[in-house]
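Please examine the sequence and the three-dimensional structure shown below. The paragraphs that follow lead from one element to the next.

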Amino acid sequence: MKAEEVLHAEDVERQLFEAKEIIAALLSGQIDAVVDSKTRSPVLLSKAQDALRESEERYRRIVETTDEGIWTIDTEGTITFVNGRLSEMLGYAAGELVGKQSSHLEREAAQANTAARVERSRQGSSEEAELAFVRKDGSEVWTLLKTSPIRNTDGTYVGTLAMITDRTHHKQAEKARHLAVEAVRASEAEFRLLTEAMPQIVWITRPDGANTYFNQRWMDYTGLTLEESSGDGWTKPFHPDDKPLAWQAWQNATATGGTYSIECRLRGADATYRWWLIRGVPVKDASGNILKWFGTCTDIDALKQGEARLRESEGLLRIAGRAARLGGWSVSLHDLHVIWSDEVCAIHEVPSGTAPSLAQAIEAYAPEFRGTVREKFEACVRDGTPYDLELQIVTATNRRVWVRTIGSAERSSSGAITSLRGAFQDIDDRRKLQDQFRQAQKMEAVGRLAAGVAHDFNNLLSVVLGFSELAIDGLKPGDPLRADIEEIRKAGNRATALTRQLLAFSRQQVLEPRVVNLNDIVEAMKPMLNRLLGEDIDLTVLSPGPAGRVLVDPSQVEQVVMNFAVNARDAMPTGGVLTIETSNVTLDEAYVGRPAEVPPGRFVMLAVTDSGLGMTEATRARLFEPFFTTKEKGKGTGLGLATVFGIVQQSGGYVSVSSELGHGTTFKVYLPRTDRVAETSLSNPPAATMNGSETILLVEDEEQVRIVACAILRRHGYNVLETSNGGEAYLVSIDFPNAIDLLLTDVVMPRMSGRRLAEQLAPQRPKMRVLFASGYTDDAIIHHGVLEAGVAFLQKPFTPQALLRKVRDVLDAAAAK
Amino acid sequence: MGKPKTSKAGLRLRLYVAGNAPNSVSAISNARAICAQHFPSGHEIEIVDLLEYPLRALADGVVVTPTLLRLSPLPVRKVIGNLSDVAQVLLALAGK
């Protein structure tokens, strides 16, 4: 028993040893096959082992190469497996973690959660969480944790598989993104606050123009909602006329990536349009692509309206300035910079924008005025004395123009004079009118004087001439008194001529206008003019066509031509050419070269041109002034051109003169054309005889005139009924039994005028002719110096020849009828 | 049950293998190398494939392959595994 037992014990020991060896071999993988004790058949281990090993190898490789950290814990929370990645992530050596509590991997504060999670896992839930694990060095790793329970084949919970993904970078990026988002959100909030605080409309659009943002101002102004304005809704309020412009500008801006800027009208909620300045700038990325547009709309309506009003008022000022030929100027004392307005430039006949130096501006004045201007300008600069001057400038085309220049000082706030400013006006036309007016006034004064004395003076001269004539007639030839009386008569004749001229220039003489052809008058004068001018002066008479007819007193026109000829002769002491030209001219408003003094109309022009000395501006200005002469003392009366002026004016015409020193002078007389038919003869054929036997009723209140007239007429055979007033004449006429052939009466008489008398006697003596005599121009038969048609008239004072011829003419005309 | 080929040989071995499974192949080559080196004058190795003769293995008390049996000198000794541990194999073959 004992041996058996020992044997048995040895056997058991041997079997145990063998079993241990088998197990060791199995564990070290050195077993290829086993014999199944039940079936007694061999079971090859190598294949199953290989497959298992392969599969395990596959998983092991996956587990070791994955980026996730993987570990397993058992039911107690002890770590049973760790892959390399987890050790690496948490900073442990390989295998160091196995056997530790898994809560060891987490922060203390989170360990309660760990226990709870393990408990949930035990109950079968798989879960995901984002949480931090603690590295060996104490730092944290943000991870995404996934857990799932591990069960054995019968479903018992045996542990948990855990897997973490390192989210640190992810987390950092997210944190950064979050911060960025926060920052953007904050800046957007600021931006919105800012834009809402702005007085402008603020907008943002995409590169394609679709709107993405408007501040409240837009909604307030347009009345549109944000929804209505988004996309291309923002174009709605644009004024239809401005849409193409806005679109064009937009296209341009998007094409070039430049700033967008336009002024246009936007419709407000109240349906009225206001002007806005719209500006946009592109926001670009690093490579220059436009990401979006930021922009503003600024209300510039008031500015725009102001601009328009300013333009309007500037326009008005310009129009007014142009109409009044009025401009402005300024001189800065800082740099003596001169500014002329456009109108001032126009007056100087220089281009707009001309900026002269101060010296040039003063040089622009006529030499004789420069001193005055300089003096006044300097006074104004010195003590601010304003000035207002009328003087002449010489324009760029060398014309003298009268201007009014007004200057005053501009002061700074400290009172220092900083600049001079003023107005500048072309007053040439006004000055000319003033001159003409002054001339006319002077003429009228002289004329009134002449007319005042003429009546009495004429009567005196008539007496002087009459008695001289009678005295000479009464002397025997060779009587020594004859020469003396002849001198008296000559003096009387000169006095008569002088009186006539006085009356002529003062337009107080009596004209006897007839319809005549001017050519005929000039042609008829040629022989006489040739004699007058002498051999050294060539006379040329030009009449390019049949001259029109004019209504003038032919003898007065002769006087005009004569006076021109005499002046021309005196202006050409060494000879020259005198050209007399007649032509028809029609001057209208637009006629270039129409002299300022001649109004538009149809005229016959008489031009008298000499090749003489010409005249200075000063002479020209006083040309028609009575008693003004350039001739030596005693050679001229100074009445020649004054007479011309008077005659022409009285005939309804105009005179102009152009002259340049050294280049001769041209006088042009413009007489109104008439359509009436010309009278055949210029004057009656001179009476063949001065004598007569007819009966003449003479009425003259001036005794001496009456006596001389009576004596002359009786001496030449007339039967004279002598009366001193109308009433007397009337009685004589009633009492006189025979025919009275002629009533010769003074016009201006006390109680009954000559005209009244003629009317009274006409019924009694229808065949009686009437001859009025007068030295006066404004009376019953002469209106404004022009005789009534068909009235016979004798100008006082008269010479015996003039009296006799006129009496004969009137009587012969009656006989002819 | 085959008879030993050489009676006068002191060392008689029988190696159970499983076909040409890896450990079996290693065991054959290891057994031949050890015998050649340490028992050059007299040894005898019988190779038995378990897959062909499972009952012989059971009769010899062999349940896993590779297993090397020292049939002589007695007592019978077993070495389990691929015989890569030479020291352990020599101890088993030379021991009493």
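Predicted model: local features only at pLDDT ≥ 70, side-chain atom pairs only at ≥ 80, totals over all residues.

A residue is counted as buried here if 20 or more other C-beta atoms lie within 10 Å of its own. Strand S22(A) has pairing partners that can be followed in the structure. Strand S21 of chain A, residues 576-587, runs antiparallel to S22(A), and ten bridges join the two. Within this pairing, Leu578(A) stands opposite Asp610(A) of S22(A). Strand S24 of chain A, residues 665-674, also pairs with S22(A) in the antiparallel sense, over eight bridges. Here Val604(A) faces Leu671(A) of S24(A) as its opposite residue.

Two packed helices are described by the angle between their axes and the distance between the axes. For helix H15 (residues 518-533) and helix H16 (residues 554-571) of chain A, the axes come within 11 Å and cross at roughly 35°. The crossing of H15(A) past H16(A) is right-handed. On the side of H15(A), the residues that make the contact include Ile521(A), Met525(A) and Leu529(A), while those of H16(A) include Val557(A), Val561(A) and Arg569(A). Taken together, the residues of this contact comprise eleven nonpolar, no polar and two charged ones.

Chain B may be considered next. It contains three helices and five strands, arranged along the sequence in the pattern β-α-β-α-β-β-β-α. Of its 96 residues, 31% count as buried. Among the contacts in chain B with a separation of 6 or more, 66% are between residues 24 or more positions apart.

Two peptide bonds in chain B deserve attention. Thr65(B) and Pro66(B) are joined by a cis peptide bond, with omega about -5°, and Pro66(B) is placed in the loop between strand S3 (64-65) and strand S4 (67-72) of chain B. A cis peptide bond also joins Leu74(B) to Pro75(B), again with omega about -5°. Pro75(B) belongs to the loop between S4 and strand S5 (77-80) of chain B.

Positive phi values in residues other than glycine form another topic. Phi of Leu83(B) is near 65°, and this residue is found in the loop between S5 and helix H3 (86-94) of chain B. Is Leu83(B) buried or exposed? Leu83(B) has 25 other C-beta atoms within 10 Å, so it is buried. In chain A, Ala271(A) has a positive phi of about 70° and lies in the loop between strand S10 (260-267) and strand S11 (273-284). Ala271(A) is exposed, because it has 7 other C-beta atoms within 10 Å.

Finally, the two chains may be viewed together. At their interface, 16 residues of chain A are in contact with 19 residues of chain B. On the side of chain A, helix H1 (2-27), strand S1 (33-35) and strand S2 (42-44) each give two or more residues. The largest share, four residues, comes from H1(A). The residues on this side divide into eight nonpolar, four polar and four charged. Strand pairing also links the chains: S1(A) and S3(B) pair in the antiparallel sense over two bridges, and Val34(A) has Val64(B) of S3(B) as its bridge partner.

Definitions and conventions:
Residues numbered from 1 in each chain as written. Chains lettered and ligands numbered in written order. Pairing = 2+ DSSP bridges. Buried ≥ 20, exposed ≤ 12 C-beta atoms within 10 Å, placed from the backbone. Contact = placed C-beta atoms within 7 Å. Axes fitted to C-alpha atoms, helices over the stretch in contact; angles between N-to-C directions. Left-handed = near helix turned anticlockwise from the far one by under 90°. Nonpolar A, V, L, I, M, F, W, Y, C, P; charged D, E, K, R; others polar.
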